[in-house]
Amino acid sequence: MNEPFVLGWEEWAAFPGLGLPAVKAKVDTGARTSALHAVSVEPFGPVTNPQIRFILHPIPEKPDIEVICSAPALGQREITSSNGESEMRWVIETPVQVGEKTWPIELTLTNRETMAYRMLLGRQAILEDMVVNPTQSCAQGELSYELYKDFPRRRPVKRPLRIAILTREPSNYSSQRLKSAAETRGHVVEMINTARCTLAIDANKPKVYYDGQPLPVYDVIIPRIGASMTAYGMAVLRQFSIMGTYCLNTAEAIGASRDKLYAHQILARAGIAMPLTAFAHSPKDTKNLIDHVGTAPLVVKLLQSTQGRGVVLAETRKAAESVIDAFRGLDANFIVQDFVKEAEGADIRCFVVGGRVMAAMMRQAEDGDFRSNLHRGGSAKRVRISKEERTAAVRAAKAMGLSVAGVDMLRSSTGPKILEVNSSPGLEGVERTSGKDVAGLIVEYIETHVRPIVKTSTRRARS
Ligand code: ADP
């Protein structure tokens, strides 16, 4: 006959499905159900298939160490605890590992802050072939809270994530593709309109309100902030970040990429090749400005230009002078740039996710135009990029600090020249031309980068 599996009156347990390497449990055959310590228990997702997100402090002596967990919910149940009080609790099912054995158990989630054990293993979770020896402690061996030390560096477990897409265009292609790619992988996605968020700036309890209601703490924010909302969008994003949410692109990186002048300086400092460029704000000395860049033809761009709108090709020096004079009259910031003629009205968009080019497309200008923007009638097609172009795209995204970036470049006779790094690149053109599931690749990147552990004390100490 097999030796029975012995449980002592206390045991170390691990929860691989929740990403918890060690929790000390009290084994109590007097209790029917098992319970796990949880605070900030929040259901999310559809009512027909609710998910539960909760925070656990696995180490009783170190309440500053928080692990964020989530799991599908089995439902709610009324539980009467040993002190006679009854409470509605959420119930989850997840595998528990004690010693060499792993088996699924049901856990009710409740605040056990004042209890000596973060977990109670009740008789329902004790299988028929197990025996409890109330005189023995840790019959299945010891684990240690030291296991949480290298936790931040470990690959997080796959769990349902509560994701918000920060966008003013929830129904556009990119938002919808990201939503469906995330939902296919078991995550829950909510669309948040940046303009409808209000911020409560409070040192202890920072919050974001949405139409007057406080928003929950999301696991992830995917920012899709349009150019018209950059400043406010960044403020909303920073607020989420202070609340402990992982932001796919940070507010700082988005801000840097949106400020064309600053972006050029960052790229130049990183030694990334760009078309020769001069910046000016209402310069008196048009001649010198043109001389900095060289000879006509030249491209003159309004700094706040998007979609190729304030981008003008001046074929002759005279034409360049009159465009500059006109921009000067508008009291606008603008740049004068060497015209990369050999690009022949085409540019390359590389879609970078987590330091890798996941897809690329070539955009070709309409006949008679040098601007390849799709909004200007340009057409997109599949392209094979060179190793040099790949490296340039990855370096540009890295220099800007963007996890997700659309890097635009021109093919010049001396190699790739970076034009712009976009922090909310559209998915439509690049997915259609490359046939790649770029939205899925973004979600996979998110899954491996959401950190489940928060150390409140270090966060406070740093701020
Ligand atoms: P926007 O940010 O408004 O799209 P860009 O700087 O990207 O402005 O320019 C729009 C398009 O014009 C580019 O996609 C590219 O095809 C073309 N273009 C821009 N700068 C140059 C240049 N220096 N030489 C050649 N073509 C250029």
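Strand E4 (residues 34–37) is joined by two bridges to strand E10 (residues 119–122), and the two run antiparallel; strands here are DSSP runs of at least two E residues, helices are runs of at least four H or I residues, both numbered from the N terminus, and two strands pair if DSSP finds at least two bridges between them. This is a predicted model, in which local features need pLDDT of at least 70 and side-chain atom pairs count only at pLDDT 80 or more, while totals for chains, interfaces and linings use all residues. Residues are numbered from 1 along each chain as its sequence is written, and side-chain values use heavy atoms, with hydrogens and water left out.

Within E10, Met119 is the bridge partner of Leu36. E4 also pairs with strand E9 (residues 101–110), here in the parallel sense and over four bridges, and in E9 the partner of His37 is Thr110. Both faces of E4 are covered, since Ser34 and Leu36 on one side and Ala35 and His37 on the other are all buried, that is, under 20% relative accessible area with a 1.4 Å probe and protein chains only.

Helix H1 (residues 173–184) has twelve residues and reaches 16 Å from its first C-alpha to its last, close to the 16 Å expected at 1.5 Å a residue, a span taken as 1.5 Å times one less than the number of residues. Its buried residues are Ser174, Ser175, Leu178, Ala181 and Ala182. Seen down the axis of H1, these fall within an arc of 135°, so they line one face of the helix, the arc being that of the directions from the helix axis to the C-beta atoms. After H1 comes Gly186, whose phi is positive, near 85°.

How values were computed
Buried < 20%, exposed > 50% of the residue type's maximum accessible area, 1.4 Å probe, protein only.
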